[in-house]
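Look at the sequence and the 3D view, then read on.

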Amino acid sequence: MEAAASCRQRALLRQVLGWRLAAAVAWSVLLLPACTAAFVLLGRAQPLRPLRWIADSFNDLYTSYVIFCILLMSVVILVISIFNVEFYAVVPSIPCSRLALIGKIIHPQQVIHSAVHAVMGMLVAWCAAVMTKGKFQFLAVPCTPSESPEDAVPQMCLNEYHLFFLLSGAFIGYSYSLLYLINNMNYLPFPIIQQYKYLRFRRSLPLLVKHSCVESLYLVRNFCVAYYFFGYIPKVWISTTMDLHIDRKLHPLDTLSGLLDLSLFYHTWLCGAFLLITWYIAWLLFKIYATETHHFPVQPTFAEETDQCLPKILNSNPPLIIKFLALQDLMLLSQYSPVRRQEVFSLSQPGGHPHNWTAISRECLSLLSDLTQRLITQQEAAAANGRAKQQAGEMKVPPQTPGAAVTEDMPFQSQRSNVIHRASMSSLVKSPLMPSKTSPGSDIGSPFSSPALTSKVGILDLNSPWHGSVQSPHVMRRGPKLWTSGSGLQMNGSHHESFPVLSVARVGSEAVQPSFIYTWLQNKQEQIKNFLSRRALIMYFFSKHPEASIQAVFSDAQMHIWALEGLSHLVAASFTEDQFGVVQTTLPAILNTLLTLQEVVDRHFKLPHVSSKPPRISGSLVDTSYKTLRFALRASLKTALYRITTVFGEHLNAVQVSPEHKKRLQQFLEYKE
Amino acid sequence: MCSLGLFPPPPPPGTATLYELNNVLVCGRLCEPLPLAFQSQLAELPTLSLPKDGLKAPGRLEHGTRPAFIHHREALWKRCINAWRDAGLCGLLKEIASAEEEEGLHWLKTASSSALAVCRWLSSLHGSLFPHLSLTSEDMIAAFSQAVDWTGCTVRAFAWHPHTSKFAVALLDDSVRVYNSSSATIPSLKHRLQRNVAAVAWKPLCASILAVACQSCVLVWHLDPTSLSTRPSSGCAQVLSYPGHGPVTSLAWAPSGGLLLSASPVDTAMLVWDVSTENCVQLQWFGGGGVTFLAWSPDGSKVLAATPSAVFRVWEAQMWTCERWPTIKGRCQTGCWSPDGSRLLFTVLGESVIYSLSFSEYRGEMQGQVGGSKTASIVADLSETTFETLYGEERIGGEVHSMVWDPTGERLAAIIRGNPDSPGSQTVVAVFRTRNSPVFELLPWCVAPGGGGNLLRRRGLPGCCPPVGRGGEEGEDAAVLHSSSGAPISPRIAPVLATLPSKTLSLGLPLP
């Protein structure tokens, strides 16, 4: 059953993304000869004799070693593309503390990523050295003949220039991998407007070239510094293992005067820029192809297509990228396509049930109420956090302030919790919730989620003080992840998990009674963490950046934005287009969900530490749009509500909503929100 | 085709168009009481009152700390670095070229002055291709703004809120005031960067977000509709700036909210802003030398982008591809869309006609196609016509400066600028009755005077005004001035507004 589902998902993924990725790789390989030609041309620069320069460069392009280099670099591009495909994420993983970042860097997957990129960088540098010719071409060169008669036998010497080139390639490859991680370049940002792929590529190309050139400059500078200090190690090592001599006549490169060679610097920079440009092109093409819209049919025309139609995909649990594409398609169809909207509003034949609309609206609503719950949890955590900190700071009380009292009646709580689930589930979240769904953002297969995190998915945090008030099984299940990213949780749960953690295997099924020893261990662990967290140096690594944890909460908000837009456009269109009145039945639930979310979001922006303005985004190649998703969410939420109220107007007074919401709705109707 | 000759003669001087009743515009004296039917609705209208003085264009002083300090002569390299930071390469070259011969850098000086000459020659070459690039930014705004006399008139830009009775007015002193029927407070928006405002636009599907096109950037003001503050802090404004994108002369919000388009005559790209995140996407399309005017069709499917040369483009707003339309005589001055986005009316500088361009109906399935018809047709001829009235001859007609179509598609208002060479011609507002389906019809309806004449001498009296589309118009003692901008009009009601000395403002009313 599980296997079949995952097999089907993989087939779906391959079907939707397969061709696109192949095309992206093909284009990046096809663009390689052009880049190589530019590299050869610039590498031979002889500005005083332009004709000869151009003629020489073109002659070189047809030589066998350049063609071999192109083939080799195609393989490199292929490997880089495979890494791009394997490492992409639609929900960025944001390290909340410095330790989390270090943890990410030494994560095995990242180490493999870096190592492979370093090797690939070295390969590209070798190709670049071979194509540059001149003094860079070979690793072993005959030594300068010396005058003294005793060693007249020609000896092979190490060509330090070549070595310098190779090492710089490895360094730049490694730095690329590091920057890829730190800048979250595996994140796939979806564009704010739809454009053709060619236009998007053309728009980004100048930026890409500029970014690569500047970055190459910095990286080469850093490499020179590194080589100045540590350059003798690889030099000696290579010369001893390969039995090469070191030419005493030539000036060694790991000295100040050796590094001040302008030609060396230029060629290294050019090699770095070439490497970065080709790799970034592969990355950019992958991004453009992967985020292109995909047209999911609303109603299947053939029976085999049922798996690919929009309501089915939204309600099943596809890979996140598919879900994102489906929601994007929903947003587009609700906005631009009356024909497909009609299909959404249509009734099933036979039976006359609005299956399409029910499925779509249910999924959107459950997404939104998920977010509501997550925000409530985060706010509660922030409030509790503030309290705990204050007390710890002022009185130096034992760590688990609010948690201590609660620990006692734990068995009772866990029993009661099951009851509360059922009750609160229907009261707050009107829409039927899907029984099994992984939380967004916890894509378990994602390379950056640490293994310990995945094992913790089943663990619940039942004992927080807000526990009885509003809850749904969803929040409960993802309790630990709510206000912090996974790694932050393990390493510094100190402040935030002052409450002991209960473990419940699968909500909805039976709750496992926690063993006493386990809770005791948990408690001890908390105490140790709290003790450590007061030491200054450790605090430096453990302390959370508030901005980062807020970003982590909203990291998958793009989904919610699309759900909001899709839902509100559909509802607005239903005013004129919905013949059977299928939307009317869900209108109260939709309004309820939106208004509740609106309240919670409003409250979130009133929290301390939360800036109310987006930070300035410089127009750089690295996309940081995930940092501002919360502002986009706030704006689109308001717009969605206004879209509905503007179209329905006074008719909304007839909709069944709670008095508070009615008041809120009235404010929207009067344009006073 | 309809021409000005078919219009009824303009109302006698000294009167103004008061209101529309039973499909007829009623003219009368300013102090006449209105029919009872209107009085309750008028109570909902905000009243514009401008201060008698203080509306002078602010002195354009260079804001900075430099004048406060005693001038100190620095070393050449230091000055060069400063110039490089302040003004880029050109500044650096200028600094070197103007350096005194103290260090004996003869050759450097010569080289930089020749490089500067080359720079100037290149820029003049560029300027000869696109003459507007040699204008100063204020002249450029004045040339491309939708206000008739941008430099001289008090009201530089005006915008009705698309949903409620609320409007924003940009004044000569670079402040923007927001008038709201439901509250007595009139927020006055000022910001360090808010200079030379060319356009204002309210965000649709939103209570109170206003975009202001300034000289160097776009400011997006987030106003709290319930706030009582009369001077919102500049912290309420988001600054959207992009290098090389200024002065901004036109703004257009997507009718579905969210996206904002901004255009500058010096930038060939127009920018699509995701305002909430301040992300922007450049829509580059070379040729034309810039973008002067933007109009987003009410159904959100297409955007008109006019350029300073004799070409305009129509973008399709889903995949953002465009169709290019060369015009014969001059640049496209203004344009407006029918409510369903299937018809574009536009005017061209130097011709006193209104063109119409129809588009195939938008279905959403035809991604990336604009679907315009082959040629534009002339639907109205507004060349100069002489009316024989009881009070003498009146000559009306000329180029259309600004045009708006009300959201129901029943009225079209156009500001007709009089011929500046003939003394008798005046600036008027022509209002047409329109119908878009099944067949497009443009019927002459009335001509409203542009507010000049006796109207102005009635100081202190409540001014009554014609239903000028979405526009406000304004008179001053010497000349007749109009400023117009977007807001829905009510074809049924002519509102009363504005009492101010020597100036009358007329404003439309949103649909009840």
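In the hairpin of β20(B) and β21(B), five residues lie between the strands, and B:G341 takes a positive phi near 70°. This is a predicted model, in which local features need pLDDT of at least 70 and side-chain atom pairs count only at pLDDT 80 or more, while totals for chains, interfaces and linings use all residues. Residues are numbered from 1 along each chain as its sequence is written, chains are lettered from A and ligands numbered from 1 in the order in which they are written, and side-chain values use heavy atoms, with hydrogens and water left out.

**The hairpin in chain B**

Strands (E, at least two residues) and helices (H or I, at least four) are DSSP runs, numbered from the N terminus. Two strands pair if DSSP finds at least two bridges between them. Five bridges join β20(B) to strand β21 (residues 343-348) of chain B, and the two run antiparallel. B:C336 stands opposite B:L345 in β21(B). Strand β20 (residues 332-337) of chain B is mostly covered, with six of its six residues buried. Buried means under 20% relative accessible area, exposed over 50%, and partly exposed in between (1.4 Å probe, protein chains only).

**Two open sheets**

Strands of a sheet pair through backbone hydrogen bonds, either parallel or antiparallel. One open sheet of chain B has four strands in the order β4-β5-β6-β7, with antiparallel pairing. Here β4 (155-160) and β7 (188-189) of chain B stand at the edges with a single partner strand each, so one side of each is left without a neighbour in the sheet. Strands β5 (residues 166-171) and β6 (residues 176-180) of chain B pair over five bridges. In β6(B), B:V176 is the bridge partner of B:A170.

Another open sheet has three strands in the order β24-β25-β28 (chain B), and its pairing is mixed. Its edge strands are β24 (385-389) and β28 (425-426) of chain B, each pairing on one side only. Strand β25 (residues 392-396) of chain B runs parallel to β28(B), joined by two bridges. B:I396 stands opposite B:Q426 in β28(B).

**Cysteines in chain A**

How many disulfides does a search of the whole structure find over all chains? It finds one. A disulfide is a pair of cysteine sulfur atoms within 2.5 Å. A:C143 and A:C157 form a disulfide, with sulfur atoms 1.7 Å apart. A:C143 lies in the loop between β1 (140-142) and β2 (156-158) of chain A and A:C157 in strand β2 of chain A, so the pair ties together parts that are 14 residues apart in sequence. The torsion about the S-S bond of A:C143 and A:C157 is about 90°, so the disulfide is right-handed.

The sulfur of A:C7 is 19 Å from the closest cysteine sulfur, in A:C309, too far for a bond. For A:C364 the closest is also in A:C309, at 15 Å, too far for a bond.

| Cysteine | Relative accessibility | Class |
|---|---|---|
| A:C143 | 18% | buried |
| A:C157 | 2% | buried |
| A:C7 | 51% | exposed |
| A:C364 | 0% | buried |

**Confidence**

The predictor's confidence in each residue is pLDDT, from 0 to 100. Chain B has a mean pLDDT of 76, and 75% of its residues reach 70 or more. The complex gets an ipTM of 0.83 and a pTM of 0.80 from the predictor.
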